[in-house]
Amino acid sequence: MNELTVEARAKVNLTLDVGAKRPDGYHNVETVMQTVSLSDIVDIRMTKTGEIRVMSTRADLPTDLHNLAGKAANAFLDHVGYHNIGVEVNITKRIPDRAGLAGGSADAAAVIRGLDKLLGTGLTDAELYALAASVGSDVPFCLYGGTALATGRGEVLTQLPELPECGILLVKPEFSVSTPALFAALDGRRVSRRPDNEKARKALGDGDLRALAGCLGNVFEEALEDEERRMVVDIKFALMAAGALGACMTGTGSAVFGIFSTVKDAEKADLSRFGSTFAVYPIKKL
Ligand code: C5P
């Protein structure tokens, strides 16, 4: 076998709180993350060139180690000491980038899992986890998926009870936000409303979708530029008006999502005037 196809799933942050900037330049976060059904398709092929190449259906994405999928392939080959092998990664992008949906991190996690299978290296969970964490803060979560509380810089994971069955409508407006810039915009800023992660954990434990939807919150919404924040608020209002039980921005945006009782309800809500929309559902841990 020298070729493998892996599905790389997007995530949303049901809650997202950010703490102090750390000496290493990262920020402590406390966030409940959830894998959703929207996915990229990642084809991984071994070659004899000794080179790592990333291609995708989106021409503007980097084709080298600046792409997290390339960085993941490089870290993997370094770790196992296979220096003469080349890897070609072909990504069919369906997850919008710069959306807070962890598209790049999901692709990277898919490459790590895929290479371990293709090369038959059988790395331990601890090795896979360490590789993922070296590639990016969201990659460990993408490796396992499901519903989890992420702390530290996002790499410390605690599995949580599954999100009850529901529909989720993702809305990606035109504007995009730089992740480091939005973290910096939060520094020294007084945040007026923080999500209550304890309450969210309890709602998940109780299997109470309505209570969980009432806990959605993301401190990054307050750090957006005025015009962007207005757009996010407009989308959240429109989601609620269309029957969502709760709505919130994911990650550093700019995608916003609403939780609906069913996938059908999410599909019925027409928010296409705000940008691209995707009706999805939660995916359980691998
Ligand atoms: O870990 P990752 O490479 O995805 O992070 C991208 C950037 O986002 C970091 O260089 C940093 O500026 C910011 N970041 C942060 N705190 C985190 C995660 C990311 O400040 N917990």
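Me: Which residues of helix α3 are buried?
Reply: In this predicted model, α3 covers residues 125-135, and its buried residues are L128, L131, A132, A133 and V135.

Me: Why would residues three or four places apart point the same way?
Reply: Because an α-helix has 3.6 residues a turn. In α3, L128, L131, A132 and V135 meet α2.

Me: What do the buried residues of α3 pack against?
Reply: They pack against three helices: α1 (68-80), α2 (103-118) and α4 (139-144).

Me: Take α2. Which of its residues meet α3?
Reply: A108, I112, R113 and D116 do.

Me: At what angle do α2 and α3 pack, and how far apart are their axes?
Reply: The angle is about 145°, and the axes are 10 Å apart.

Me: Is that crossing left-handed or right-handed?
Reply: The crossing of α2 and α3 is right-handed.

Me: New topic, the ligand. Which residues surround it?
Reply: The ligand is surrounded by G25, Y26, H27, V29, G136, S137, R153, T179, P180 and F183.

Me: What about R153, side chain or backbone?
Reply: Backbone: an N or O atom there lies 2.9 Å from a nitrogen atom of the ligand.

Technical notes:
Residues numbered from 1 in each chain as written. Predicted model: local features only at pLDDT ≥ 70, side-chain atom pairs only at ≥ 80, totals over all residues. Heavy atoms only, no water. Buried < 20%, exposed > 50% of the residue type's maximum accessible area, 1.4 Å probe, protein only. Helix = DSSP H or I, 4+ residues; strand = E, 2+ residues; numbered from the N terminus. Contact = heavy atoms within 4.5 Å. Axes fitted to C-alpha atoms, helices over the stretch in contact; angles between N-to-C directions. Left-handed = near helix turned anticlockwise from the far one by under 90°. Near = heavy atom within 4 Å. Polar contact = N/O pair within 3.5 Å; in protein donor to acceptor, adjacent residues only side chain to side chain.
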